[in-house]
Amino acid sequence: MTKIDLISALAQKGGCTRKEADDALELVTSVIVEALTAGEKVHLTGLGTFEIHERKAKVTKNPRTGKPMTTPEKKAPAFRASKSLKEAVNK
């Protein structure tokens, strides 16, 4: 499902226009991004949790040359599915 498909499904099930569904989806995603940027977790009951994982700096190899290089420390967004979502998918 693409973003356009999701917007169409939201509009159909929500009984609103595609523009209203698009605005709602944009608002939800922007709030999630703002919360993650601020270092907060976003927990959506029945769906899962969005959070930030910190990855430590490490020494890796350049695949072309084989020389060691340092990968810098960084933060990465992560999603952990809720139990109910996992059960629904595995029915």
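Guide: In this predicted model, helices are DSSP runs of H or I with at least four residues, and strands are E runs of at least two. Read along the sequence, the chain then follows the pattern α-α-β-β-β-β-β-α, with three helices and five strands.

Visitor: Why is T49 called buried?

Guide: Buried means under 20% relative accessible area. T49 has a relative accessible area of 8% and is therefore buried. T49 lies in strand 2, residues 48-55.

Visitor: How do you know that the span of helix 2 is close to the expected one?

Guide: The expected span is 1.5 Å times one less than the number of residues. Helix 2, residues 18-37, has 20 residues, for which 28 Å is expected, and it reaches 28 Å from its first C-alpha to its last. Just after helix 2, G39 takes a positive phi of about 90 degrees.

Visitor: What puts the buried residues of helix 2 on the same side?

Guide: The buried residues are A21, L25, I32, A35 and L36. They cover an arc of only 105 degrees around the axis, which puts them on the same side of helix 2. An α-helix has 3.6 residues a turn, so residues three or four places apart point the same way. The buried residues of helix 2 pack against helix 1 (3-14), strand 1 (42-44) and strand 2, whereas the face turned away from the buried side carries the exposed residues K19, L27, E34 and T37.

Visitor: Why are strand 3 and strand 4 said to pair?

Guide: Pairing requires at least two bridges found by DSSP. Among the bridge partners are K61 and P68. Six residues lie between the strands of this hairpin, in which G66 takes a positive phi near 80 degrees.

Visitor: How does the radius of gyration of the chain stand against that of a compact globule?

Guide: A compact globule of 91 residues would have a radius near 12 Å, but the chain has 19 Å. The C-alpha atoms fill a box of roughly 60 × 30 × 30 Å along the principal axes, and buried residues make up 15% of the 91 residues.

Notes: Residues numbered from 1 in each chain as written. Predicted model: local features only at pLDDT ≥ 70, side-chain atom pairs only at ≥ 80, totals over all residues. Heavy atoms only, no water. Buried < 20%, exposed > 50% of the residue type's maximum accessible area, 1.4 Å probe, protein only. Arc of directions from axis to C-beta. Contact = heavy atoms within 4.5 Å. Rg over C-alpha atoms; globule rule 2.2 N^0.38 Å.
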